[in-house]
Amino acid sequence: MKTKKLAFAALSVAAITTCLCLSACANTADNGDGDTQTHTHTYAAEWSFDDTYHWHAATCGHDVVSDRAEHTYQGGVCTVCGAEQPIVLTEDTDFDALVSDRVTEEEWKNAFAENAFDNVTLHYVNEGHGYDAYYKIEHTENEKLTGLNHKETSMGMSMYTQTTGSERWIYDSTITGEENKFGKFDVNAMPEDMREEYIDVYDNWMTSYTMLCPDLGEFFGMFDYDDEIGAYVYKGVNDPNYDGNLKTNSIMENWDTSYCYLAVKIIDGKLAVVQETTTSNPTGNTYFYDYGNTQVTLPEAELVDVSQIM
């Protein structure tokens, strides 16, 4: 569903029917003989709207609106202005049934831009490896909290990172050896060479959701829209020795990812689904939801001497 433009009709002013407002404008004009005339606003008959409200915009050049009210949806359409109800991506969304919007190259890049993931939950499923990864990313003005809850059939692991100004902390259950018991250590207390490695492995890796984002933003031209599955699709060659597949660079040096299949769904400008198959791994799916509503709660943790983990 495309985001609706806030327009009167098609900028064809002559074709717009206007209606008169019965209330007087606060601005008055002198007609030259000392008398003043009161201006009456006029409004477009056609509705303007965004995702929340609809209104009649002024056609008289003043920045005023009439009849502004919230949408009343029925069957996915506003009963007043005809606006389509936007899709809200949540944990309960049927991602397989979603049909991606058709987007421009600029809209594609915006969906993959780093700032698009300031506050979002990512759910990664790779059935071939039998694990579930659950990410939460939240940015505030001077703080970033990232949660990763990663489950496998043979092990359990949970991690969180916290960045406040120049401070960097990592909450990690692998330090304690107990799944629900966390150790907390200061990344900045580590030697500089190890510090950068930990920042890559923990902080950057977690916020790049399996090292895919934002690299795919540069490959719009390699995808075709598939009407049958309602997604943008890239098809390569499933051969680890083939060098012509789409590749993205990992944040970790000398580690490229070669894809033989990718399917992407974008809804209302937001990334909703990325399905990937690499030449070395089975298919995995990443789902994105709760844009702007993700909450991260840091666990209680024992402060750990950084020398214990070196």
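The model is a predicted one, and residue numbers count from 1 along the chain.

Strand β17 covers residues 256-267, and it pairs with β18 in the antiparallel sense, with eight bridges between the two. One of the spots where they face each other is isoleucine 267, which stands opposite lysine 270 in β18. The two strands make a hairpin with two residues between them. Aspartate 268 sits in that loop between β17 and β18, and its phi is near 50 degrees, a positive value in a residue other than glycine. Aspartate 268 is also tucked away: its relative accessible area is 16%, so it counts as buried, the cut-off being under 20%.

Strand β18 itself runs over residues 270-278 and is mostly covered, with seven of its nine residues buried. On from there, β18 is joined to strand β19 (residues 284-289) by four bridges, and again the two run antiparallel. Valine 273 has tyrosine 287 in β19 as its bridge partner. These two strands form a hairpin as well, this one with five residues between them.

Lysine 265 is buried, yet it has no salt bridge. Leaving aside residues up to four places away in sequence, lysine 265 touches a whole list of others, including Phe95, Asp96, Ala97 and Leu98. Also among its contacts are Ile229, Gly230 and Ala231, along with Lys270, Leu271, Ala272 and Val273.

Side chains of opposite charge can pair when their charged atoms come close. Which pairs turn up when the whole structure is searched for salt bridges? The search finds three of them. In one, arginine 102 is bridged to aspartate 227, with the closest N and O atoms 2.5 Å apart. Arginine 102 is in the loop between β7 (77-78) and α1 (105-112), while aspartate 227 is in the loop between β14 (224-226) and β15 (231-235), so this pair ties together parts that are 125 residues apart in sequence. Arginine 102 is partly exposed at 46% relative accessible area, and aspartate 227, at 59%, counts as exposed.

Another salt bridge brings together the side chains of lysine 181 and glutamate 302, at 3.5 Å from N to O. Here too the partners come from separate stretches of the chain: lysine 181 is in the loop between α2 (173-176) and β13 (182-186), and glutamate 302 is in strand β20 (residues 301-303), so the pair ties together parts that are 121 residues apart in sequence. Lysine 181 is partly exposed, with a relative accessible area of 32%, and glutamate 302 is partly exposed too, at 47%. Then there is the salt bridge between aspartate 243 and lysine 247, whose side chains meet at 2.5 Å, N to O. In that pair, aspartate 243 is exposed at 59% relative accessibility, and lysine 247 is partly exposed at 32%.

What about disulfides? The count comes to zero. Cysteine 81, for instance, is in no disulfide: the nearest cysteine sulfur, that of cysteine 78, is 3.7 Å away, and a disulfide would need the sulfur atoms within 2.5 Å. Cysteine 81 counts as buried, at 16% relative accessibility. Cysteine 260 is buried as well, with a relative accessible area of 7%.

Finally, there is an open sheet of three strands, ordered β3-β4-β5 with antiparallel pairing. Its edge strands are β3 (48-49) and β5 (65-70), each of which pairs on one side only. Two bridges join β3 to strand β4, which covers residues 53-57, and serine 48 stands opposite tryptophan 55 in β4. Over in β5 lies aspartate 67, whose phi is near 60 degrees, a positive value in a residue other than glycine.

Note on methods: Predicted model: local features only at pLDDT ≥ 70, side-chain atom pairs only at ≥ 80, totals over all residues. Heavy atoms only, no water. Buried < 20%, exposed > 50% of the residue type's maximum accessible area, 1.4 Å probe, protein only. Lys, Arg positive; Asp, Glu negative; His and termini not counted. Salt bridge = Lys/Arg side-chain N within 4 Å of Asp/Glu carboxyl O. Contact = heavy atoms within 4.5 Å. Pairing = 2+ DSSP bridges.
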